[in-house]
Amino acid sequence: MEQQQQSNPLLNSPPELTPTEQDVLDEYERLAENMKKLASVLDTLASQPSVAILDGLRELERKTSLVFTLMKASVYSIVLQQEIDWGGPAAGENGGGGGGDGPGGAGSGVGEQS
């Protein structure tokens, strides 16, 4: 195999590149170096998370939980109101929920027949 490399002039000499091709290769080399640096920084951050990041994530988790709870309550309220408006089975008739002075609740007049 060594004889094949010696007999082939393309394998013995560096390839001729246009200036644009050389620029592209240089950019790829810089990109590869930057990616290696980024990987090492991310590895360090992953192995030793900072207190500020952890505190921020805890606060974000609390806010997300609150938004989820409010969203569920809003969806339940909309579904309940639609059932009352359409004359379908309301939660109070199925043995669940009921009461309250909110929309459709006791004393609001919504869904009451005259």
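Student: What should I know about the model before going on?
Tutor: This is a predicted model, where local features need pLDDT of at least 70, side-chain atom pairs count only at pLDDT 80 or more, and totals for chains, interfaces and linings use all residues. Residues are numbered from 1 along each chain as its sequence is written, and side-chain values use heavy atoms, with hydrogens and water left out.

Student: What is the average pLDDT of the chain?
Tutor: pLDDT is the predictor's confidence in each residue, from 0 to 100. Here the chain averages 77, and 64% of the residues score at least 70. Among the elements, helix α1 (residues 2-7) has the lowest mean, 54, while α4 has the highest, 92.

Student: How many helices and strands are there?
Tutor: Helices (H or I, at least four residues) and strands (E, at least two) are DSSP runs, numbered from the N terminus. This chain has four helices and zero strands, so its order reads α-α-α-α from the N terminus on.

Student: How far does α4 reach?
Tutor: The expected span of a helix is 1.5 Å times one less than its number of residues. With 36 residues, α4 reaches 53 Å from its first C-alpha to its last, close to the expected 52 Å. After α4 comes G87, with a positive phi near 75°.

Student: How much of the chain is buried?
Tutor: Buried means under 20% relative accessible area, exposed over 50%, and partly exposed in between (1.4 Å probe, protein chains only). Of the 114 residues, 4% count as buried.

Student: Which residues form the nonpolar patch on the surface?
Tutor: Patches are made of residues with over 30% relative accessible area and no salt bridge; like charges are joined within 9 Å, nonpolar side chains (Val, Leu, Ile, Met, Phe, Trp, Tyr) within 5 Å. The nonpolar patch here is V24, Y28, L31, M35, L38, V41, L42, L45, I53, L54, L57 and L60, with about 1,100 Å² of accessible area together. The elements giving two or more residues to the patch are α3 and α4, and α3 gives the most, with eight residues.

Student: Where do the partners sit?
Tutor: R30 pairs with E27, their closest N and O atoms being 2.3 Å apart. Both lie in helix α3 (residues 19-47), three residues apart, about one turn of the helix. R30 is partly exposed at 43%, and E27 is partly exposed at 45%.
Tutor: In helix α4 (residues 51-86), D55 and R58 are three residues apart, about one helical turn, and their side chains meet at 2.9 Å, N to O. D55 is partly exposed at 40%, as is R58 at 44%.
Tutor: E59 and K63 also form a salt bridge, at 3.1 Å, N to O. These two lie in helix α4, four residues apart, and E59 is partly exposed at 38%.

How values were computed
A salt bridge is a side-chain nitrogen of Lys or Arg within 4 Å of a carboxyl oxygen of Asp or Glu. Accessible areas come from the Shrake-Rupley method with a 1.4 Å probe; for residues, only the protein chains shown count as cover.
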